[in-house]
Amino acid sequence: MAESATTAPPPSPSSVGAPAPPPPSPSSVVVTAPAAPTSLFSFPKRPPIRLTSEFDSDSSLFFHKVSFKLFDSLAKLKFSFQNDHKGQIVQPQVGFISKHLSIHYDVEDQNALLKGSFDVAPGLQLRAAHDVKAQEGEVVLSAKLAEPNYALELSSAVPSVGLPKATLKFPFGEVSLEEREEEEVKKSLSVNGIVKGNILNGVCTAHYAEEDLKLRYSFKDEELSFIPTISLPSNALSFAFKRRFGPSDKLSYLYNFDADNWSAVYKHTYGKDLKFKAGYDSDVRLGWASLWVGEEGGKAKSAPLKMKVQFMLQVPQDDIKSSALMFRVKKRWDI
């Protein structure tokens, strides 16, 4: 008799004795962080503020400058003022500076100086400046003629008082032509210019202005500099001599033949951020010595601790008892 109950099919060979799948490792489990709640109001990030303070013992004044950048560094807002020994704020000024426009406002004088520039066409630029209180200004049109470094500038005062001044610039100098008016003299054209050229391993410069010609020759190598200068028609002659005794020591000497006076300066550097200088000037009969902490011609941001310090001792030759020790400190903070 056949069995009426049905039997389950036998398991497949692949499933017989197969191990259970391993649980997922913790590293493979991806945990999704809950979404941060969206804020109804988003505030822009505060731009970094730069604060620079300077004190000069000679004038007993503090000078402060606060600045920060705007519009993703496209412009800068600057506020400066001075503090006297009584703590009073003097000469407050506000400035807005960008690539094409700058505004400087004097709070005490209630006056603004406006400067602007923009490119009219490729190689053609227009610049303008205007003093609001004096109602005076200047307009300059500059055009590049050819490469390299050939340009023509036309500048005129506002309001205009005559023909515009024309300046031609070229690689080895420039020449200016402008109208000049003197008392009891008719208007005439004045020529000013400067020309440079290489002569005998040195550079010769001729500067002509106000009917005075100054000729200057400069020879310089790694150790020695020789710079004679003569002015015509006054025949004023001067001579400058500079000698470097090593990477840290330098001596400079200047003598004016027409005035019969001279000056000398000795300089010694200790690395990049420490400099000692001493000198004498026979014209004012004064000897002096100074010590710079921080690069003399650099900014405070590149100095150690973003601070520059200068000490100076002045000793008059005719009155040594009136010698004076002065100092100047400049510090920058980035907030």
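Mentor: A salt bridge is counted when a side-chain nitrogen of Lys or Arg lies within 4 Å of a carboxyl oxygen of Asp or Glu. Side chains of opposite charge can pair when their charged atoms come close. Please keep in mind that this is a predicted model, in which local features need pLDDT of at least 70 and side-chain atom pairs count only at pLDDT 80 or more, while totals for chains, interfaces and linings use all residues. Residues are numbered from 1 along each chain as its sequence is written, and side-chain values use heavy atoms, with hydrogens and water left out.

Trainee: How many salt bridges does the rule give here, and what is the N to O distance between Lys275 and Glu296?

Mentor: The count comes to 13 salt bridges, and in the one formed by the side chains of Lys275 and Glu296 the N to O distance is 2.9 Å. Lys275 lies in strand β19 and Glu296 in the loop between β20 and β21, so this pair ties together parts that are 21 residues apart in sequence. Strands here are DSSP runs of E with at least two residues, and helices are runs of H or I with at least four residues, numbered from the N terminus.

Trainee: Is Lys275 buried or exposed?

Mentor: The words have cut-offs: buried means under 20% relative accessible area, exposed means over 50%, and partly exposed is in between, with a 1.4 Å probe and protein chains only. Lys275 counts as buried because its relative accessibility is 17%, whereas Glu296, at 27%, counts as partly exposed.

Trainee: Which parts of the chain does the pair of Asp56 and Arg328 link?

Mentor: The side chains of Asp56 and Arg328 meet in a salt bridge at 3.5 Å, N to O, and this pair links distant parts of the chain, with Asp56 in strand β1 (residues 49–56) and Arg328 in strand β22, 272 residues apart. Glu54 joins Asp56 and Arg328 in a network of salt bridges, and Arg328 is partly exposed, at 34% relative accessibility.

Trainee: How should I read the pairing of strands, and how many bridges join β15 to β16?

Mentor: Two strands pair if DSSP finds at least two bridges between them. Strand β15 (residues 224–232) and strand β16 (residues 236–244) run antiparallel and are joined by 8 bridges, with Ile230 standing opposite Leu237 in β16. These two strands form a hairpin with 3 residues between them, and Asn235 in the turn has a positive phi of about 60°. On to the next strand: 7 bridges join β16 to the antiparallel β17 (residues 249–256), where Leu254 is the bridge partner of Ala240, and the hairpin of β16 and β17 has 4 residues between its strands.

Trainee: What does Ser290 touch?

Mentor: Contact means heavy atoms within 4.5 Å. Ser290, which is placed in strand β20, is buried with a relative accessible area of 3%. Leaving aside residues up to four places away in sequence, Ser290 touches Lys275, Phe276, Lys277, Gln310, Phe311 and Met312, and Lys275 is the residue that we met in the salt bridge with Glu296.
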